[in-house]
Amino acid sequence: MVLRRLLRKRWVLGVVFGLSLIYFLTSTLKQEERTILDRNLLEARDPDHRIPWKVRFNLGNSSRQITQCRNSIQGKTLLTDELGYVCDRNDLLVNGCCNVNAPSSRQYICKSCLANGCCNIYEHCVSCCLQPDKQPLLESFLNRAADGFQNLFTAVEDHFELCLAKCRTSSQSVQHENTYRNPQAKYCYGESPPELLPI
Amino acid sequence: RPPFVVRCCSFGLFYFPFLVIFFCSMVTRLPWRCLMIILLSLFPEYIVAFNGYFTAKARSHFISSALRSAEALDWHIVLRENPASDFPSDFEVVQIRQASHSSLLPLEDHPYIKRVTPQRKVFRTLKYMAPCNNVTRWTQKWQSSRPLRRTSLSLASGFWHATGRHSRRRLLRAIPRHVAQILQADVLWQMGHTGSGVKVAVFDTGLIEKHPHFKNVKERTNWTNEKTLDDGLGHGTFVAGVIASMRECQGFAPDSELHIFRVFTNNQVSYTSWFLDAFNYAILKKIDVLNLSIGGPDFMDHPFVDKVWELTANRVIMVSAIGNDGPLYGTLNNPADQMDVIGVGGIDFEDNIARFSSRGMTTWELPGGYGRVKPDIVTYGSGVRGSGMKEGCRSLSGTSVASPVVAGAVTLLVSTVLNRELVNPASMKQALIASARRLPGVNMFEQGHGKLDLLRAFQILNSYKPQASLSPSYIDLTECPYMWPYCSQPIYYGGMPTIVNVTILNGMGVTGRILDKPIWQPYLPQNGDHIDVAVSYSPVLWPWAGYLAVSISVTKKSASWEGIAQGHVMVTVSSPVRNNSEVDGEMTSTVKLPVKVKIVPTPPRSKRVLWDQYHNLRYPPGYFPRDNLCMKNDPLDWNGDHIHTNFRDMYQHLRSMGYFVEVLGAPITCFDASQYGTLMMVDSEEEYFPEEITKLRRDIDKGLSLIVFSDWYNISVMRKVKFYDENTRQWWMPDTGGANVPALNDLISVWGMAFSDGLYEGDFTMKMNQVYYASGCSIAKFPEEGIVIAKTLKDQGLEVLKQETVVVEGVPILGMYQTPSEGGGRIALYGDSNCIDDSHRQKDCFWLLDALLQYTSYSLTPPSLTHSKSRVAPPAGSDRHLPERLEGNHLYRYSKVLEAHLGDPKPRPLPACPHLSWSKPQPLNETAPSNLWKHQKLLSVDMDKVVLPNIRNYRPQVRPLSPGESGAWDIPGGIMPGRYNQEVGQTIPMFAFLGAMVVLSFFVVQLTKSKNKPKRRKPRVKRPTYFQQQQLAPTGKNPTV
């Protein structure tokens, strides 16, 4: 009965309402804050945190039969397909693979690449990087990649995509922002950036 | 090259050293420069305001009945041809000649006429002339990138208030409108195309989470050093909204997949390296359309330019803003000036080119070649409405706005194509430029191919077959004003070949090549044999595009012939295609480039002026400072210094005076001096080969005359204007002064002339003309027989170095000299080039140039100069030492003349003069149509095949926005499907919950009340109300909320 009478009072109701309102507001706001916090946490990771990469390497079975190939699309005259063959644009088959029988086609070319893993020709870099024995090197790079690359390399799905992305020129390729560190060998599959040449 | 990259946002022109990529705040900030608004009365036009809204017919009836009494009056209604003209209006603009106040009285007396006011023209200009007397400014200037950036930002913020200078009735202009509606995107929406399945990337300032305007934000990524994904400026939100907003201010493609790349910080800083990484991610994500509302003058930033090529090679359609540096010519921004990118300029809603829109040819090709046509197309960029940072709409201007209009249209277009294989950067660009509507009275270096026409582009794209096409698609050197500057000067025998730089777009594949050699086929009935044509072209067309440079020259037999010659160039482009067999598969496409030129007899020597382009250097790549030191926020000389870029006004003036101006893009040794009256060297930064110096001396002995407009060169000042770049911890030191005076002195020393290292500034009067001398040098040495004019000026060098103002009397600034040899030429020197340069010019001195040309070409000495009080004895050069080259300068890095050497740089061996190999003509007995434009269309596209279901004469419904009205804006007939109510943010559930709480508490009160007082009242009376209210509760629409 006392409880009932108390409940009847307007101020009690007001207090109840007010408290629930405050609770409601703070909980919604907190939720919002938490999402923002989450994003920032994702970005501000501690230095030895590893990129959660999910690259699947096709261990050594490059001879597997595939009917459709992805290839490096962009080349002026050359292309590299996902099996590591480099060929002339004219020797590309309808399925996107290099014509293996064409004289220009060769697998795993490292011809224009230097010892530090930097190449003069993008397609050579991709092809060289696809070589199965480069896998440990790539894995160790993925484990230590700089934060700036996190967006890129967490989105990479397999060996071929990794090589396409890794060989591109990036923030690691430039000095003074507008100049290549080494204009002759700027496409790198290796861990180190291109050798720094004086301007 | 110096470690500085300057990239600026097309939203403004900001230079920052070191790669600070500036971005454009669309935010209106009042700069320290005052924005002046002047109201002028435009004499014969009156605005007649009515009491209500009436149709055009009724309005005209009212006015004629009101003016019937005053029949003598000559009046007519000014037609307003805008989309609103079909709707009732409450005013009319009437033009009344000989209007007096009394003649307006009958109008005002009419019962339906509220008032009559004179039409006013509003000028909004920047108060440009920054006073050059603020002593303290030198100290805070040039020290680092940041102050530079800020001042330039403010300049830019002023620009987007100014609109087309051709506009006559600007007061009617400023109704912000839905750009997607005006471009008739709703026709495509009604066909079910809303951009679904197309990935659009917006490289900008980011976007807040859960913006109410967007339903399909796939991903937001941050590439800056700030730990946020949100837009702190509103630029990125606006741009994304123009592309994909689904409500209020609607974008073009609301169902497209948005990928937000945050590459600008809230401080509007960005770096090339951020872009490189972000672009790589865009390639990986297989983005279809990418909008870049940024740009900068540094087309020599190889990592950036290469990356843009790489991006388009991966089939990303790049759309970029051409820049906000207009109306000056030579101000195109990179990457919009690249062949593989769709460069977008801005217009206002009256189809005038927006004043801020950058224009003029590209300057990559100088000095030897000629620039390409850019922008590609123009579209609305002035007063466009787009999404506000958190909600609502706002209206903004700038090419940053025009670019997403095209990007949105492109996104929508991509989603209409069934076979996506056919869509690539080249085919999209081909469709856009082939469908664009040309604006009358505007040349191609301002409007490109014209104004975006979405529906025609849709038709073309949906009947598209892979092919090559050319931009421009024909060469008609007689067509004015579209083909300006070609149409401004006919060609003649003996002139420098006219070069037209045509871009080949290859929709067949990312690489292509030109098969065989292009063929020149003159039309014999149309005098095609009177011209020679040489063609050079890109060895490989990659990515999607290449150049085709057509040089046209008159044959010797036509030296005194006058007429029009026509013919065409045939080019076959081939691209590899994927094939099944062992045989090479190729696809080919043949395009015809019609050519039409006007030939006149060779003008006399005295009428011919040769402009030295070879010795003009500019940014990029090196730091070549501005010629006017007062222009602090634009420290670089980057407009090309060509007669068709920033010396355009001077060129037009010389043409109007009857001179024929040609450009020398090769060393001085490469022209026949006996053909020319005067050689003009203006603001040259380059060194000279010893052979050039000898040859010029010989030429002048034989009657060639020389005019030199020099500029400042003072080592101490150059050291002072160096600045420390915080990003590289390096000093950026200019490689020359405004001009390379030591090199010029080497050139003219043989006649006993020299410029000093003085630096002067000030106003004076000469020949009744006001002259402003902005940062020029003086003449240190001049032959005794010469005429020298001196003026009183301020020593700007002292001002820069010591902040002291010293007035110097008798500074020799102008010298004229007749060489003594028989038939020898004349030489005229002037110490400052600003007054003939369009950039930052305050007062022109074309009259002085006229006088000097009269002197050099005709040996007429203007008496007002020779008998002027300002004439002084020629200085002997003893009192002032001559400028020395700045020790340790890096000019050799950018010079075509010097090369690095142990010790001082040495001249290279003289390069061979350019040699054109003329195509062997294959004459045709054919005639071409007289109007090339109408007949030259994109090949093999049958537009009638694709029928639009709904092409009614669509008029967007326009409601004027009253000044205080904010965002909310109902879309007439808006058909955006989808989750309109689902994502209205978190506010709605909150309000619902609150409402429910209030209702609940109300019932609790009611309940307790009723239980407490049961005995006194009859419960039956209460019950029904209770039930009623209970029923109301679940709907949540209780009005008490």
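A:Leu6 belongs to helix α1 (residues 2–8) of chain A. The exercises below concern a predicted model, in which local features need pLDDT of at least 70 and side-chain atom pairs count only at pLDDT 80 or more, while totals for chains, interfaces and linings use all residues. Residues are numbered from 1 along each chain as its sequence is written, chains are lettered from A in the order in which they are written, and side-chain values use heavy atoms, with hydrogens and water left out.

**Exercise 1. The surface of chain A**

Determine whether A:Leu6 is buried or exposed, or in between, and to which nonpolar patch A:Leu6 belongs.

*Solution.* 

Step 1. Apply the classes: buried is under 20% relative accessible area, exposed is over 50%, and partly exposed lies in between (1.4 Å probe, protein chains only). With a relative accessible area of 42%, A:Leu6 is partly exposed.

Step 2. Identify the patch. A:Leu6 forms a nonpolar surface patch together with A:Trp11, A:Val15 and A:Leu19, and their accessible area together is about 430 Å². Such patches join nonpolar side chains (Val, Leu, Ile, Met, Phe, Trp, Tyr) within 5 Å, from residues with over 30% relative accessible area and no salt bridge; like charges are joined within 9 Å. Areas come from the Shrake-Rupley method with a 1.4 Å probe, and for residues only the protein chains shown count as cover.

Step 3. Assign the main contributor. Helix α2 (residues 10–43) of chain A gives the most, with three residues.

**Exercise 2. The fold of chain A and one of its helices**

*Solution.* 

Step 1. Count the elements, which are DSSP runs numbered from the N terminus: helices (H or I) of at least four residues and strands (E) of at least two.

Step 2. Consider burial. Chain A has 199 residues, of which 47% count as buried.

Step 3. Turn to helix α4 (residues 135–144) of chain A, where A:Gln135, A:Leu138, A:Phe141 and A:Leu142 are buried. An α-helix has 3.6 residues a turn, so residues three or four places apart point the same way.

Step 4. Compare the two faces. The buried residues pack against α3 (122–130), α5 (150–155) and α6 (159–167) of chain A, whereas the face turned away carries the exposed residues A:Pro136 and A:Arg144.

**Exercise 3. Salt bridges in chain B**

Find which residue pairs with B:Lys215 and where B:Glu686 and B:Lys896 lie.

*Solution.* 

Step 1. A salt bridge is a side-chain nitrogen of Lys or Arg within 4 Å of a carboxyl oxygen of Asp or Glu. The whole structure holds 29 of them over all chains.

Step 2. B:Lys215 pairs with B:Asp255, with the closest N and O atoms 2.9 Å apart. This pair links distant parts of the chain, 40 residues apart. B:Lys215 is buried at 13% relative accessibility, and B:Asp255 is buried at 18%.

Step 3. B:Glu686 and B:Lys896 meet in a salt bridge at 3.6 Å, N to O. B:Glu686 lies in the loop between β26 (678–682) and α15 (690–701) of chain B, and B:Lys896 in the loop between α21 (891–894) and β38 (898–899), 210 residues apart. B:Glu686 is buried, with a relative accessible area of 0%, while B:Lys896 is partly exposed at 25%.

Key
Contact = heavy atoms within 4.5 Å.
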